[in-house]
Structure formats: C-alpha cells, structure tokens
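I opened the notebook to look up strand pairing, a surface patch and charge contacts. The entries follow in the order of looking.

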Amino acid sequence: MKLKLTPHAAMRFAQRGFRDGDAELIMAIGTEVEGGYLMREKDVREAEAWLKRQAHKLRRLVGKRVIVAGDMIVTAYHA
C-alpha cells in the first residue's frame, strides 16, 4: 500500500536519508509496533535468509519449462 507523506514527514524523510520505497519496505518486513513499524536487526536477518532460499529455488529452476493451455498446466520438462 502506497501511503501519502505529510509535508512534515516529507521534510523528515529528506533530512534523515530515507529513499523512495523505504517506508514500504519497513512496513513489509519490519515489526509492527504501537503507532507504526520498526525495522529490527532480526527482521533483516529473517528477510535475508528468505531471499537466500528463494535464490536457491530460482537457480534450481534454470532451464525448466512449463507448458500452459488456458488455465491448465499441460506438461513440464527440462528445455
């Protein structure tokens, strides 16, 4: 969800080095706390571990092909 910044928040983001998309990333990965979200070291470690697992899955799928017809998977093979 893309939230709008108040003028105050926009000024603080600029002063504190926040970049476009940082708030969305904090809300997606961080921990919900009273009144907002906090990006903890633990949240970052968990996200990094998840990304590493996804990278291994992607690597395993190189060269594989899935054939689709309509809403059905017809077959799959090594291309």
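I looked up the bridge partner of Val-68 and found Ile-73 in β4. The strands β3 and β4 (residues 72–78) pair in the antiparallel sense over 6 bridges; pairing requires at least two DSSP bridges between two strands. Strands here are DSSP runs of E with at least two residues, numbered from the N terminus. I noted that β3 and β4 form a hairpin with 2 residues between them, and that Gly-70 in the turn has a positive phi of about 65°.

The model is predicted: local features need pLDDT of at least 70 and side-chain atom pairs pLDDT 80 or more, while totals for chains, interfaces and linings use all residues. Residues are numbered from 1 along each chain as its sequence is written, and side-chain values use heavy atoms, without hydrogens and water.

Next I checked the surface. Val-68 and Ile-73 belong with Val-66 to a nonpolar patch of about 300 Å² accessible area together. Such a patch joins nonpolar side chains (Val, Leu, Ile, Met, Phe, Trp, Tyr) within 5 Å, from residues with over 30% relative accessible area and no salt bridge. Areas come from the Shrake-Rupley method with a 1.4 Å probe, and for residues only the protein chains shown count as cover. Val-66 lies in β3 (residues 64–69). Its relative accessible area is 48%, so Val-66 is partly exposed (buried is under 20%, exposed over 50%, partly exposed in between).

Which residue forms a salt bridge with Asp-43? I found Arg-40, with the closest N and O atoms 2.9 Å apart. The criterion is a side-chain nitrogen of Lys or Arg within 4 Å of a carboxyl oxygen of Asp or Glu. My search of the whole structure gave 1 salt bridge. Asp-43 counts as buried because its relative accessibility is 4%, whereas Arg-40 is partly exposed at 31%.

Key:
Patch = residues over 30% accessible without salt bridge, like charges linked within 9 Å, V, L, I, M, F, W, Y side chains within 5 Å. Helix = DSSP H or I, 4+ residues; strand = E, 2+ residues; numbered from the N terminus. Buried < 20%, exposed > 50% of the residue type's maximum accessible area, 1.4 Å probe, protein only.
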